[in-house]
Each structure stands twice: as C-alpha cells, then as structure tokens.
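Subject: Handover of a structure

Dear colleague,

Please find below the sequence and structure that I am passing on to you. A description of the findings follows them.

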Amino acid sequence: TGAVGLYNIGQSCCLNSVLQVFLMNIHFTGILRRITVPRCAVQKRKNVPYQMLLLLEEMQCGKRKAVSPVDLACCLSAYRVKLFVQHDAAQLFLTLWNLIKRQMKKPELVEELSYLYTICVQEHLACQKCSSETKRNSSMLTLPLPVLDSNSHMLKTLEDCLQYFFRPEELTDHNMCFCEQCGRKTPFLQSMKLVHLPQTLTIHLKRFCFEKSAYVHKLSHYLPFPQDLDFNAILTENQCQADDNEKAAWQYELFAVVAHSGSTSCGHYCAYIRSLTECKWYCFNDSEVCQVWWDDVKCTYGHFKLHWGETAYLLIYMKKHPQ
C-alpha cells in the first residue's frame, strides 16, 4: 500500500510526521527520483535529498512495517537539526524544504520544487493622507494563519482564519510609516493580495502563542477545516491579484494533517495522510500505521477542554485541477 512507518529513534516523532507528508506526496517523490546522485561516500552521507531518496526506496522495497530514519537524521544533524530534542513541525518543514532545495543540483528540479510548494503574494502599503502606494511581491512556503483575532477572540473556522489573514490592516499611532510624498510619518493601510497558489498548499495553524509572561501557550479550541477548499469562495476580489486562469485552479482537497498532542513542553506528533493512489486515509504514528476514516481525522479539530488531545497543526491541501 505504500503505508510504511518510521521508527522513533528518540523524540523523532516530529521528523517522522513531516517526512511522511513529503514522501507520501507523489508529486514530490517524482522530483526526488530525478536528483543527481552525489559521487563520493562523504557527499552521499551529507546530501539531504539523496538520503531522503534512500529512505523512500527502503520504505517501498522492503517488506517491513517500518524502517529507521537514522541515516537521514544523522545527515540533518550536520546542518544543525538537532537529534533527540523536540521540534516544531512548521519550523522543521521549512528547514527541511530549504535544505532539499539548496542541495538539488538541477535547476529544473529546483524550479519544479518551488512551483510545487511556493505561495506568491503581493504586499500593498497605501498612505492614508496622500494615497501613494507601494507594492512588493514576495513568496512563502506556508500560510501562517492566526487562530485568534486582534482582540484575542477565537476564530471559528479555517475559512475565518483565511479571511482574517488577508484582511487590510490600519497602521496608526506608533505603527505609522514614513511617507516620502508627505515627508513625515502618516497612517498607512497595509494589505496582502494572493497572486499564486501552489499544487501542494501548506497551512500553518498558529496554535502556539506567547503570553505576556513569555510563556508559550497552546490554543486547543475547536477549529474545523473542510475536506474541500475553494479560495474563490473565501476571498474577495480585492484580496486577489491573479488572472482568471490562475483562480480557476484554486480548488483544493485535503491531503494531510500533522497533529500535535500534549503540551508545549511535552508533546507528540502524528500525521493523517490520504493516499493519492488508494484515496484512503492512514494514520502515521511513528512505526504504527493504520487505516482511518474521515471522522478520525475530524478528531483533530481540537477541544478547549482536551489540551492533551490531538490538535491539527499543519494542514496540507492538494489542487483538485492543477494547470
């Protein structure tokens, strides 16, 4: 079935979950299989894409229920990804992706990898006094969605989080910006418009937040997310900077959920992934892999009374109709 587990080699549940999300993505593995193999043994040991390819082949060719990611973990440790410590799944995803991109030698593969995962947005800053406006294009690997609004009120759905993320924000008082036209600091309107969405869209639910005491607090409240996500039905015309062909492909289907259970100081990760070849949901909990149903995935919506329960942290969506 391709549903093979990864042994926990010492607080490696976060790494295991993120790896499963990469390696169960046939669009990513299609790129991974075409990398340039390093020539010498030392280069092979230190090359992240190559070590991921070896792990993928071991998972697919073996008959065991789980394999060990120890060689890849040792490879990552050479790039300051510490072993035997707790990691944050969103940060580890970014670190791993950047290492993969940097160590891929073929420019066409780097371009394909970027197109597969990169979100493009246009940032707008408009002076409220003279209406002068500056625009800047930028890219990101995840949509880091707040789950609370500016008044610390809980946002109720994923769609609410997306609308809140792309809402215009007034920069006033101590947040005012210097306007070259006015020659002084003035109130500005800051907004972000969506330009391009990738084949594989990663959403980061910001459930870990700092309180005034600098204590990291986990937000476990109920936040449902849909199996099908249409950005055209969520965002307004003013929140988009894309042509009709681009927006026609903004329909997504849920591919994976990386869930966190426990507290900020003592937690555990697992991944719920829908096999793209079988269209069945699996739960990858280190070496244990079992088939699950959508109702099991919905249990990661969260519950404010169950702080130790599984709560969705990363949501990975796939385009339904890629261009």
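How many helices and strands are there in the protein chain? The protein chain has 10 helices and 18 strands; here helices (H or I, at least four residues) and strands (E, at least two) are DSSP runs, numbered from the N terminus. The radius of gyration is 21 Å, close to the 20 Å that the globule rule gives for 323 residues, so the protein chain is as compact as a globular protein of that length. That radius is taken over C-alpha atoms, and the globule rule is 2.2 Å times the number of residues to the power 0.38.

Before the details, a note on the basis of the work. The model is predicted, so that local features need pLDDT of at least 70 and side-chain atom pairs count only at pLDDT 80 or more, while totals for chains, interfaces and linings use all residues. Residues are numbered from 1 along each chain as its sequence is written, and side-chain values use heavy atoms, with hydrogens and water left out.

The chain as a whole

Along the principal axes, the C-alpha atoms of the protein chain fill a box of roughly 65 × 50 × 40 Å. Of the 323 residues, 49% are buried; buried means under 20% relative accessible area, exposed over 50%, and partly exposed in between (1.4 Å probe, protein chains only). Considering contacts (heavy atoms within 4.5 Å) between residues at least 6 apart in sequence, 66% join residues at least 24 apart. The side chains include 34 positive and 30 negative ones, and the centres of the two sets lie 7 Å apart. In this count Lys and Arg are positive and Asp and Glu negative, with His and the chain ends not counted; the place of a charge is taken as NZ of Lys, CZ of Arg, CG of Asp or CD of Glu.

Helix 8

Helix 8 spans residues 158–165, and its residues Leu158, Cys161, Leu162, Tyr164 and Phe165 are buried. They cover an arc of only 165 degrees around the axis, which puts them on the same side of helix 8; the arc is that of the directions from the helix axis to the C-beta atoms. These buried residues pack against strand 5 (142–146), strand 9 (188–196), strand 10 (200–206), strand 13 (228–230) and strand 18 (311–319).

Residues in loops

The loop between strand 1 (5–6) and helix 1 (13–23) contains Gln11. Gln11 is not a glycine, yet its phi is positive, near 55 degrees, and this residue is partly exposed, with a relative accessible area of 44%. Ser12 lies in the loop between strand 1 and helix 1 and counts as buried at 6% relative accessibility. Leaving aside neighbours within four places in sequence, Ser12 is in contact with Tyr7 and Asp286.

A positive phi, near 65 degrees, is also found at Ser152, in the loop between strand 5 and helix 8. Ser152 is exposed, with a relative accessible area of 54%.

Tyr222, in the loop between strand 12 (216–218) and strand 13, is partly exposed at 49% relative accessibility. Beyond its neighbours within four places in sequence, Tyr222 is in contact with Lys156, Tyr301, Gly302 and His303. The C-alpha atoms of Tyr222 and Thr300 are separated by 8.7 Å, although the two residues are 78 apart along the chain.

Lastly, Ala249 is found between helix 9 (244–248) and strand 14 (251–262), in a loop, and is buried, with a relative accessible area of 3%. Ala249 and Ser265 are 16 residues apart in sequence and 40 Å apart in space, C-alpha to C-alpha.

Yours sincerely
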